[in-house]
Amino acid sequence: MNKTHDNKAWLFVLPVVALVAFNAVIPLMTVVNYSVQETFGDNVFFWAGVTWFEQVLQSERFHDALLRQMFFTFSILAIEVPLGVAIALTMPRKGPWVPVCLVLMALPLLIPWNVVGAMWNIFALPDIGLLGRSLNALGFDYNFTRQPGDAWFTLILMDVWHWTSLVVLLAYAGLVSIPDAYYQAAKIDGARPFAIFRYIQLPKMKRVLTIAVLLRFMDSFMIYTELSVLTGGGPGNSTTLLSIDLVKIALGQFDLGPAAAMSLIYFLIILALSWVFYTLMMRNEQQ
Amino acid sequence: MAKIVLDTLRHSYMPNPVQDSDWALKQLDLQWDDGGAYALLGPSGCGKTTLLSIISGLLRPTHGRVLFDGADVTDLPPDRRHIAQVFQFPVVYDTMTVYDNLAFPLRNRGVDEAHVDARVREIAEMIDLTHMLERRAAGLTADGKQKISLGRGLVRSDVNAIMFDEPLTVIDPHLKWQLRSKLKELHQRVRTTMIYVTHDQTEALTFADKVVVMNEGQVVQIGTPVELFERPQHTFVGHFIGSPGMNVLPCEIREGRAHVAGTAVDTATTGEIGALTGEVRVGVRPEFIRFAEEGVPARVVKVSDAGRFQVVEVRAGDLPLKLLVPEGMEIPSEEARLAFDPAHTQIYRDGWIVA
């Protein structure tokens, strides 16, 4: 092997290194810095070691928030992925309705997140909102600002409305890439609709669905804006997910140390779970 | 197995076809004998695939009927017609093993596992897939996948016909020969009707007992490879089959004889040609023209060496012509005379041969 040794290459990588340093590494390091120190104000810091990490990991409050977070994320995944695939399957593959369907599907994704929160907040208000009033008129005792169950129902409904489209669009992209010959061959082989789904459509959608699950997993684990506008974590702490809790600790109580430690733990959880997801889903591919 | 009859078939992709060009298939009456090896040959866009889809039931014809052994199947879906089709691009079920792929058409029809196993192993043996039955189909090469498609067609013992839609397009050249001779061999073993669609004349002529040549939505000739070569029924067949294609020359009819570039030529046409109207042409293949002492005066323009013979381009007056001269034969340097073999020189009127 003839390798050219030329250190000029480093020069070209430098701008990227600088950029990543400024927008990721340095902020992250600040957080790491806070997480191992204690301060009483006036910019005076004391070494605190792993105290904050121990405190966060042992705190019941963090455990509860994490459990709620898990519950939320797995609920919306369990609804959005099958629902998205089902909608994508019913969408036309050819013809004038294709662009119409695509635009309709993309609409929820184009709305700013805080607007989504505000919209659903008003929509669900039991006294003036369309959803809230209708449910009450139908005899349900619905009030998402007071009853935790109703708050969860509204939260999940909002997320499904907002993000199922993403799964639909990705699944649809996978579906339209299947050549007609596959469907024709399946017809000739006498395959039933379920067999077509199981052996043609699902395998061909696998890659995009992996991406969809990963994106939805990470995004829902970090949900903040819509949730904070809709319920603000309430009633009580019933919808306080990790991000809401983090903001309460960091900005509400100004406990920088514990908040920084929690951020890092939060970050590592997302990283680890994403990695597990990805390896599990890609392992089948290798076989 | 069945005899397939296409009765006054017409098809258009438009809802309201009005003019001639709206029809993808113009009037078609065809009969495919049981157990024949047919090739459907024609240029891209001539309606080959449309015709195939109508036979397999993927497409319903605008007009006419499809009969399998006398039974009208025009309205039956593909799976009830008991046909198999191999597509241009290999279709395999990625998540299944080769074995499951081959078993798929049988299992879908509720065949019991013992019988499935016997058939799959028998077919795998035939197409040399036995050693990879347990492998996942996704990892195979294009020719391996195409073999699976073929195997799925062969695995059912009750298929009426197997159809191939340009199946070798994506196969490497050196494997094309192998697969093609394999197909021929398989046909001799199983004796199922096979219809092979292609735009490649070599493929068609080597595979088929009978070749159906199509152009612009109609069948221009059905015949054995030899018939197509020696007596093209239409100037299109002359052009399309053979390399280089047939010379189609304008001519004058005087005193009952055809004159090319002012010189009378003898033809195989026996009928009366004096009163022919329309566009009259003389057709003769490059193989059947030679340099001679007497005949049509011409000038040699270009000689290209094609190995065992040389392709000579000449001009007779203003008419460009090609002829084949065997290797080692003298080629006149400038002025020359051309003799047409009368047995293989035909007269065409408006494209069609004159009896």
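1. Polar contacts across the interface. The rule finds 7 residue pairs in polar contact between chain A and chain B, both residues at pLDDT 80 or more. A polar contact is a pair of N or O atoms within 3.5 Å; within protein, one must be able to donate a hydrogen and the other to accept it, and residues adjacent in sequence count only if both atoms are side-chain atoms. Helix 8 of chain A supplies the largest share, 7 residues. Helices (H or I, at least four residues) and strands (E, at least two) are DSSP runs, numbered from the N terminus. The chain A side divides into 10 nonpolar, 4 polar and 5 charged residues. Here Ala, Val, Leu, Ile, Met, Phe, Trp, Tyr, Cys and Pro count as nonpolar, Asp, Glu, Lys and Arg as charged, and the others, Gly among them, as polar.

2. Basis of the values. The model is predicted: local features need pLDDT of at least 70, side-chain atom pairs count only at pLDDT 80 or more, and totals for chains, interfaces and linings use all residues. Residues are numbered from 1 along each chain as its sequence is written, chains are lettered from A and ligands numbered from 1 in the order in which they are written, and side-chain values use heavy atoms, with hydrogens and water left out.

3. Extent of the interface. In chain A, 19 residues are in contact (heavy atoms within 4.5 Å) with 22 residues of chain B. The two chains bury about 1,600 Å² between them, 60% of it on carbon and sulfur atoms.

4. Salt bridges between the chains. The rule finds 2 across the interface of chain A and chain B. A salt bridge is a side-chain nitrogen of Lys or Arg within 4 Å of a carboxyl oxygen of Asp or Glu. Asp94(B) forms one with Lys204(A), with the closest N and O atoms 3.1 Å apart.

5. Salt bridges within chains. Over all chains the count comes to 21. Arg216(A) and Glu80(A) meet at 2.9 Å, N to O. Arg216(A) lies in helix 9 of chain A and Glu80(A) in helix 3 (residues 60-90) of chain A, so the pair ties together parts 136 residues apart in sequence. Both Arg216(A) and Glu80(A) are buried. Buried means under 20% relative accessible area, exposed over 50%, partly exposed in between (1.4 Å probe, protein chains only). Glu80(A), Asp159(A), Arg216(A) and Asp219(A) are linked in a network of salt bridges.

6. Two salt bridges in chain B. Asp117(B) and Arg121(B) pair at 3.3 Å, N to O. They sit 4 residues apart in helix 4 of chain B, separated by about one helical turn. Lys182(B) and Asp128(B) pair at 3.6 Å, N to O. Lys182(B) lies in helix 6 (residues 173-190) of chain B and Asp128(B) in the loop between helix 4 and helix 5 of chain B, so this pair ties together parts 54 residues apart in sequence. Lys182(B) is buried at 15% relative accessible area, whereas Asp128(B) is partly exposed at 40%.

7. Helix 3 of chain B. This helix (residues 98-108) is mostly covered, with 9 of its 11 residues buried. Among them are Tyr99(B), Leu102(B) and Phe104(B). The cover includes helix 9 of chain A, together with helix 4 (113-126) and helix 5 (142-154) of chain B. Gly110(B) follows helix 3 of chain B and has a positive phi, near 70 degrees.

8. Strands of chain B. Chain B has 9 helices and 22 strands. Strand 17 (residues 296-305) joins strand 20 (residues 335-340) of chain B by 4 bridges, antiparallel. Strand 17 also pairs with strand 18 (residues 309-316) of chain B in the antiparallel sense, over 6 bridges. Two strands pair if DSSP finds at least two bridges between them. Strands 17 and 18 of chain B form a hairpin with 3 residues between them, and Gly307(B) in the turn has a positive phi of about 95 degrees.

Definitions and conventions
Buried area = accessible area lost by both parts, 1.4 Å probe.
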